[in-house]
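Please open the structure in your viewer and keep the selection tool at hand.

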Amino acid sequence: MLKRDIPCALTAAGSDSGGGAGIEADLLAFAANGVHGCAAISAVTAQNPSKVCDILPVPENSFSAQLEAAAQYYKPRAAKTGMLYSAENVRSAAEFFARNRQIPLVVDPVMIASSGAHLLKPDAALAISELLIPLSSVFTPNLDEAAELARINRSDIASESDMSDLALRLAKTYGASALLKGGHLHGDNILDILAMPNGHFVKMPSARIAGVNTHGSGCTLSAAIAANLARGLTLEDSCRAAQNYLLAGMKNPISISGELFINKLP
């Protein structure tokens with residue numbers, strides 16, 4: 001029987017030994033959103049939702065070879081980057097996506113884990129902002145990452161108006177659409193804002209879901225956006241569908257070791 005042809009999406013990110021974030025979360029999100037997932041692993045981590053114990057960067061030549069091998073055979077229709085960790089691997093990713101501009105790119109500028117551990121070397125953070133984000137179709141910072149990218153104090157982001165201004169500032173600064181995630185603000189409601197370099201922006205509100213560990217939420221969201229882009233959805237529709245997918249996974253969580261986690265196959 002003839003099987004249906006499905007698109008491919010590529011993730012370039014770190015491996016999470018706990019399975020809740022990174023490459024492992026990305027591949028689950030790809031599958032749940034109807035695409036075949038390929039992966040280029042940038043680093044191997046020893047971690048769980050509470051802490052990051054160790055990070056081993058993958059050598060630059062091996063990381064680059066993974067990107068090329070996946071792209072040559074599977075012809076991905078969209079891609080995302082997550083934790084790249086080293087400046088060398090950020091530069092390799094930027095060089096690859098500069099050569100392959102036909103691949104819509106989602107950049108999740110993973111800098112700090114939910115446990116508080118730093119997942120990006122200082123020179124790598126600079127390389128992401130200068131080399132990688134300008135190549136993206138959309139980048140997805142949380143408020144802490146957005147403050148670093150905009151070089152402002154995190155305390156300066158305290159309201160919906162502050163978020164709108166910041167999202168537009170980021171989009172214009174980097175020449176790429178910015179999906180600013182508002183989950184780190186307090187309150188029962190969450191506001192994400194998708195801002196485009198031309199000044200257009202879209203507000204995407206949702207209700208906060210209590211009692212679920214959000215480890216891997218950023219990876220899951222950005223992977224779902226890439227999957228939807230690979231399926232041919234517009235950027236706005238891809239972001240809305242990805243938000244709905246993430247919310248569904250939080251409304252129907254799974255229980256592991258006595259704690260509730262995002263269900264990536266809701």
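Select Phe 63 and display its surroundings. Leaving aside neighbours within four places in sequence, Phe 63 is in contact (heavy atoms within 4.5 Å) with Ala 12, Ala 40, Ile 41, Ser 42, Val 58, Leu 84, Asn 89, Ser 92 and Ala 93. The model is a predicted one, in which local features need pLDDT of at least 70 and side-chain atom pairs count only at pLDDT 80 or more, while totals for chains, interfaces and linings use all residues. Residues are numbered from 1 along each chain as its sequence is written, and side-chain values use heavy atoms, with hydrogens and water left out.

**The nonpolar cores**

A nonpolar core is a set of buried Ala, Val, Leu, Ile, Met, Phe, Trp, Tyr and Cys residues joined through side-chain atoms within 4.5 Å. Buried means under 20% relative accessible area, exposed over 50%, and partly exposed in between (1.4 Å probe, protein chains only). The largest nonpolar core has 51 residues, and those with the most contacts inside it are Phe 63, Phe 97, Leu 132, Phe 139 and Leu 170. Helix α6 (residues 160-174) supplies the largest share of this core, seven residues. Helices (H or I, at least four residues) and strands (E, at least two) are DSSP runs, numbered from the N terminus. A second, separate core has 28 residues, including Ala 29, Val 202, Val 212 and Leu 229. In soluble globular proteins, nonpolar side chains tend to be buried together.

**Ala 12**

Next, select Ala 12, which is placed in strand β1 (residues 8-16). Is Ala 12 buried or exposed? With a relative accessible area of 0%, Ala 12 is buried. Not counting residues up to four places away in sequence, Ala 12 touches Ala 40, Phe 63, Leu 67, Lys 80, Thr 81, Gly 82 and Leu 84.

**Aromatic pairs**

Rings of Phe, Tyr and Trp (its six-membered ring) pair if their centres lie within 6.5 Å; planes under 30 degrees apart count as stacked, over 60 as edge-to-face and the rest as tilted. The count by this rule is three aromatic pairs. Select Tyr 73 and Tyr 74: their ring centres are 4.9 Å apart and their planes are at 65°, so the pair is edge-to-face. Tyr 73 is exposed at 66% relative accessibility, whereas Tyr 74 is partly exposed at 40%.

Then select Phe 139 and Tyr 174. Their ring centres are 5.7 Å apart with planes at 75°, so this pair is edge-to-face. Because Phe 139 lies in strand β6 (residues 138-139) and Tyr 174 in helix α6, the pair ties together parts that are 35 residues apart in sequence. Both Phe 139 and Tyr 174 are buried.

Display helix α1 (residues 22-32) together with helix α7 (residues 217-230). The contact is made by residues including Ala 25 and Ala 29 of α1 and Ala 223 and Ala 227 of α7.

**Two loop residues**

Most residues other than glycine have a negative phi. Select Lys 75, in the loop between α2 (60-74) and β4 (78-81). The phi of Lys 75 is near 50°, a positive value in a residue other than glycine, and Lys 75 is exposed, with a relative accessible area of 54%.

Finally, select Ser 257, in the loop between β10 (254-256) and β11 (259-261). The phi of Ser 257 is near 55°, a positive value, and Ser 257 counts as exposed at 80% relative accessibility.
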